Amino acid sequence: MIIYKDIVTGDEIISDTYNLKNVDDVVYEVDCRKVTKGADNIDIGANPSAEEQEEALEEGTKQVIDVVDGFRLNYLGDESSGQRAFQTKKDFQGQLKGYLKKVVEKLKEAGKDEDFIKGFQKGVQGYYTKHIVPNFADLDFYTGESMDPDGMVVFLNYREDGVTPYVIIWKHGLSEMKV
């Protein structure tokens, strides 16, 4: 098994036990599942509607997203009020620029050439413009277990069906660890 870690913080972000879909050679999109967690009952069945979820949850159980729970990702914001850490695209751009600068430093340390780095930067810009900006209002933001503000922000959104959650992870911001 391969565990992918944030190259800036060392936080575990995802593993190859999930289907990593390479998009534009810039990000991995990973479909997630909602699971019921609590007591000794773990239900990894289909995703019920919101009303069915509330009715089906027993006392002491809760609905979680498997990737978020399994890799101890932390919601950036206040979950109880639904307040997100990044209210505007401009708020988020500052964090992203700082993070990408650190990723470029790590890529240079790893011996990647200038063409590779320029391709990475161009790819990030294109993906950000095509996918992040138009869907910004729909995204939830997560960070690794350390909650390091300089670390990777993992995006969570839902597929067109409105039921299937998926995460978006910067591909070049990951290092591999075989276990």
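Reply: **A strand pair and its setting**

Within strand β6, Thr61 is the bridge partner of Gly38. The model is a predicted one, and this bridge belongs to a pairing in which β5 and strand β6, residues 61–65, run in the antiparallel sense over five bridges. Is strand β5, residues 34–38, largely enclosed by the rest of the structure, or left open? Four of its five residues are buried, so β5 is largely enclosed.

Helix α2 covers residues 66–70 and contains Asp66, a residue that counts as buried because its relative accessibility, 13%, falls under the 20% cut-off. Leaving aside residues up to four places away in sequence, Asp66 touches Tyr18, Cys32, Arg33 and Val35.

Among contacts between residues at least 6 apart in sequence, 62% join residues at least 24 apart.

One consists of six strands, antiparallel in their pairing and ordered β3-β4-β12-β11-β10-β7. Its edges are β3 (21–23) and β7 (74–75), and each of these has a single partner strand, so one side of each is left without a neighbour in the sheet. Inside this sheet, strand β10, residues 140–143, and strand β11, residues 153–158, pair in the antiparallel sense over four bridges, and Tyr142 stands opposite Val154 in β11.

Two helices lie across strands of this sheet. Helix α3 lies across β10, β11 and β12 (165–170), running at about 130° to β11, whereas α4 lies across β3, β4 (27–31), β11 and β12, running at about 150° to β12.

Which ring pair joins these two helices? The rings of Phe92 and Tyr128 have their centres 6.4 Å apart and their planes at 20°, so this pair is stacked. Phe92 lies in helix α3 (residues 89–109) and Tyr128 in helix α4 (residues 114–135), so the pair ties together parts that are 36 residues apart in sequence. Both partners are buried: Phe92 has a relative accessible area of 0%, and Tyr128 has one of 9%.

The structure holds 13 aromatic pairs, and one of them joins Phe86 to Phe92 edge-to-face, with 5.1 Å from centre to centre and 75° between the planes. Phe86 counts as buried as well, at 10% relative accessibility. Ring pairs extend this group into a cluster made up of Phe86, Phe92, Tyr127, Tyr128, Phe136, Phe141, Phe155 and Trp170.

Charged side chains also lie over aromatic faces. Arg159 is placed over the face of Tyr166, at 3.8 Å from the ring centre, and Lys112 is placed over the face of Phe116, at 5.0 Å from the ring centre.

The other open sheet has three strands in the order β2-β1-β13, again with antiparallel pairing. At its edges stand β2 (12–15) and β13 (174–178), each with a single partner strand, so that one side of each lacks a neighbour in the sheet. From one strand to the next, the twist averages 30°. Strand β1, residues 2–6, pairs with β2 in the antiparallel sense over three bridges, and Lys5 stands opposite Glu12 in β2.

Methods
Residues are numbered from 1 along each chain as its sequence is written. This is a predicted model: local features need pLDDT of at least 70, side-chain atom pairs count only at pLDDT 80 or more; totals for chains, interfaces and linings use all residues. Side-chain values use heavy atoms; hydrogens and water are left out. Rings of Phe, Tyr and Trp (its six-membered ring) pair if their centres lie within 6.5 Å; planes under 30 degrees apart count as stacked, over 60 as edge-to-face and the rest as tilted. Buried means under 20% relative accessible area, exposed over 50%, partly exposed in between (1.4 Å probe, protein chains only). A charge sits over a ring if NZ of Lys or CZ of Arg is within 6 Å of the ring centre and within 35 degrees of the ring normal. Contact means heavy atoms within 4.5 Å. Two strands pair if DSSP finds at least two bridges between them. Axes are lines fitted to C-alpha atoms, for helices over the stretch in contact, and angles run from 0 to 180 degrees between N-to-C directions.
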